[in-house]
Amino acid sequence: MIADADQDLPLDTRLRYRSAAYPRRPDLTDADIRKRADKIPTALWPSWTLRLLPNTPIDPRTVDGFRRGCRSKLLLVGAKSQHHPWAQPSNRLIIRMAFRRVIASPEHETAIASCLTQLASHLDDEGSPIDYGRRRHLFTSESITLNLDEYTQLCRQQGWARGGTGRIHMLRWMLLSFLLGTHADLPPRNIHARDEFRYQVPPLMRASLLEQAATNLAAHRIDEPVLWEPPTEWCDWTDWAGATPEQISDSDFDTLIADRTPAEETAAALGLTTEHVRLYCDATGTTQPPPPPASPGLGLDAGCSTRASSAPLTPAELSTRA
């Protein structure tokens, strides 16, 4: 009966009753949901957002709200209670508006309901190698350690200008984002700079920040991978509103951006939105090729090609690193 009623139920009810995938009555306590919350970052993982995000132009702030909303709705799956004050986002209105703008059709909503239900069930059964709850408690913009000597040495070796306080601010943002498993909070006026930086930071710089993230974890005696995403096979949906990492990697992506083609042009050539291209780079660790030595700055201008050697998130690994 629950399965038959699925299409007529509101999204939150579909999640609580798991009607789009594993229909049954809600049976999980607040303690069960709290355990799941520690296995999830504050926003949906990049590769899964890539799949669920419709292929239509969407403001980055709406994408951020959608990702955070997906995390909140993951905590509704199977829950007896509809309200978890400790798990509710502070910007509920923004998230509701984001979902209203993102959901493209009844079929798209069904894909979201099915995918989130399956993800939540696998997290409950198989767990996550990262305790995101612990990381949120330990790591803030004030508590992380960025090794500026290592950064200066890398700039000197590569012939890059060191940059000013704005550059340091972005480096600290990316380091904290690695540790939290999602984009750290930034004022709205900095969103454009954030999106440019995450797309254009040279691979050696990204690899250095990943190593520093591992050092921050080791300082707290935490033995976890820096980054992780749920395996692809955790959801058997196939008709995605967006794209999969595997689809993009099998396209002309590498050829298009080998010459540092801007993100907007790369996305247009692939028939995707710019945010889909950036999410693919986030999920796979792909970044723009570095500028020639002695060029000013870090070459943070356009393009996205070379994969940081220590980023453990190739499309194949996305389905195996559980």
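Rings of Phe, Tyr and Trp, the last by its six-membered ring, pair if their centres lie within 6.5 Å. The model discussed here is predicted.

Q: How many aromatic pairs does a search of the whole structure find?
A: Six.

Q: What makes Trp48 and Trp240 an aromatic pair, and why is the pair called edge-to-face?
A: Their centres are 6.2 Å apart, and the cut-off is within 6.5 Å. Over 60 degrees counts as edge-to-face, so the name follows.

Q: Where in the chain do Trp48 and Trp240 lie?
A: Trp48 is in helix α4, and Trp240 is in the loop between α12 and α13. They are 192 residues apart.

Q: How do you know whether Trp48 is buried or exposed?
A: Its relative accessibility is 0%. Buried means under 20%, so Trp48 counts as buried. Trp240, at 14%, is buried by that cut-off.

Q: Why is the pair of Phe66 and Phe99 called tilted?
A: The planes are 50° apart. Stacked needs under 30 degrees and edge-to-face over 60; the rest are tilted. The centre-to-centre value is 5.0 Å. Phe66 lies in helix α5 and Phe99 in helix α6, so the pair ties together parts 33 residues apart in sequence.

Q: What sits over the ring of Phe99?
A: The charged end of Lys73, 5.1 Å from the ring centre. The distance limit is within 6 Å.

Q: Why is Ser208 called buried?
A: Its relative accessibility is 8%, against a limit of under 20%. Its side chain joins that of Glu150 in a polar contact of 2.9 Å; the cut-off there is within 3.5 Å.

Note on methods:
Residues numbered from 1 in each chain as written. Predicted model: local features only at pLDDT ≥ 70, side-chain atom pairs only at ≥ 80, totals over all residues. Heavy atoms only, no water. Buried < 20%, exposed > 50% of the residue type's maximum accessible area, 1.4 Å probe, protein only. Polar contact = N/O pair within 3.5 Å; in protein donor to acceptor, adjacent residues only side chain to side chain. Helix = DSSP H or I, 4+ residues; strand = E, 2+ residues; numbered from the N terminus. Lys NZ or Arg CZ within 6 Å of the ring centre and 35° of its normal.
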